[in-house]
Amino acid sequence: MPNQRQIARFFTIGALLLALPFCAPADDEKALREMVEKAARLAEEHDIGGLMDLTTEDFHAQPGQIDRLGARRVLFMAFRYYGELKVLHPEPRIALDPREGGPAVSFPFLMVKRNQAFPELKKFYEDPGGWLREAGKTADLYRFHLKVEKREGGWRVKQAALEKWTGMGFRE
């Protein structure tokens with residue numbers, strides 16, 4: 001017959017196992033937000049290799065069906081054009097539900113020369129619509145749609161689609 005310690009251990013383990021499915025999505029969302037922050041930091045450092053480490057081997061980007069080598073070239077040209085830069089963005093929107101085409105992350109962003117200031121954007125981090133309206137007043141805006149996969153070592157970007165803000169909305 002089990003003693004009280006064994007019964008308590010059984011219920012503790014059972015509660016943890018039941019809680020796992022509820023914890024995992026929050027952990028995945030946090031990991032994906034951290035991946036976006038890391039990517040922004042790597043872009044500011046012009047670390048092309050670090051950015052490519054965040055992608056899968058079969059990564060491709062739109063527009064133009066750009067593969068990994070092409071993406072490296074595009075990043076090199078962008079970094080050369082902007083010089084020292086900042087990457088600004090609001091909180092990413094994350095969809096983990098496979099019924100929606102698989103896990104995805106999307107967010108608007110802008111790249112600006114490092115010395116350019118946008119202090120008002122900080123208050124719109126959790127309001128992407130407000131962030132777009134404010135940033136669109138003074139900068140060229142873009143939006144990323146990323147399809148991601150969870151692999152050994154964490155989340156990786158499998159596909160990236162870039163859209164440019166037209167003033168009325170985004171256009172691929």
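How much space lies in the second largest pocket? In this predicted model, the volume is about 260 Å³. The lining of the second largest pocket is made up of 14 residues, and the closest to its centre are E44, V87, L88, H89 and K122. Helix α1 makes the greatest contribution to this lining, four residues, and both α1 and β2 (85–88) supply at least two residues each. By class, the lining of the second largest pocket holds eight nonpolar residues, one polar residue and five charged residues.

The largest pocket may now be set beside it. The space in the largest pocket is about 820 Å³. Its lining consists of 32 residues, and L51, L75, F109, F144 and L162 are those that lie nearest the centre. Several helices and strands take part: α1 (4–44), α2 (48–52), β1 (55–62), α3 (68–82), β4 (104–113), β5 (142–151) and β6 (154–165) each give at least two residues to the lining of the largest pocket. The largest share, six residues, is supplied by α3.

A pair of aromatic rings is described by the distance of the centres and the angle of the planes. Because F109 belongs to strand β4 and F144 to strand β5, the pair ties together parts that are 35 residues apart in sequence. F109 is buried, with a relative accessible area of 8%, whereas F144 is partly exposed at 25%. Ring pairs join F107, F109, Y142 and F144 into a cluster.

In total there are five aromatic pairs. One of them is formed by Y81 and Y82, an edge-to-face pair with 4.9 Å from centre to centre and 90° between the planes. Are these two residues buried or exposed? Y82 has a relative accessible area of 15% and is therefore buried, the limit being under 20%. Y81, by contrast, is exposed, with a relative accessible area of 61%.

Y82 is part of helix α3. Apart from neighbours within four places in sequence, Y82 is in contact with M111, V112 and K113. The C-alpha atoms of Y82 and K113 are separated by 6.0 Å, although these residues are 31 residues apart along the chain.

How values were computed
Residues are numbered from 1 along each chain as its sequence is written. This is a predicted model: local features need pLDDT of at least 70, side-chain atom pairs count only at pLDDT 80 or more; totals for chains, interfaces and linings use all residues. Side-chain values use heavy atoms; hydrogens and water are left out. On a 1 Å grid over the protein atoms alone, a cavity is a set of points where a 1.4 Å probe fits but cannot get out, and a pocket is an open set with protein on both sides within 12 Å along at least five of seven lines; lining residues have an atom within 4 Å of a point. Grid points are joined across faces, edges and corners, and a volume is the space filled by probe spheres set on the points. Ala, Val, Leu, Ile, Met, Phe, Trp, Tyr, Cys and Pro count as nonpolar, Asp, Glu, Lys and Arg as charged, and the others, Gly among them, as polar. Buried means under 20% relative accessible area, exposed over 50%, partly exposed in between (1.4 Å probe, protein chains only). Contact means heavy atoms within 4.5 Å. Rings of Phe, Tyr and Trp (its six-membered ring) pair if their centres lie within 6.5 Å; planes under 30 degrees apart count as stacked, over 60 as edge-to-face and the rest as tilted.
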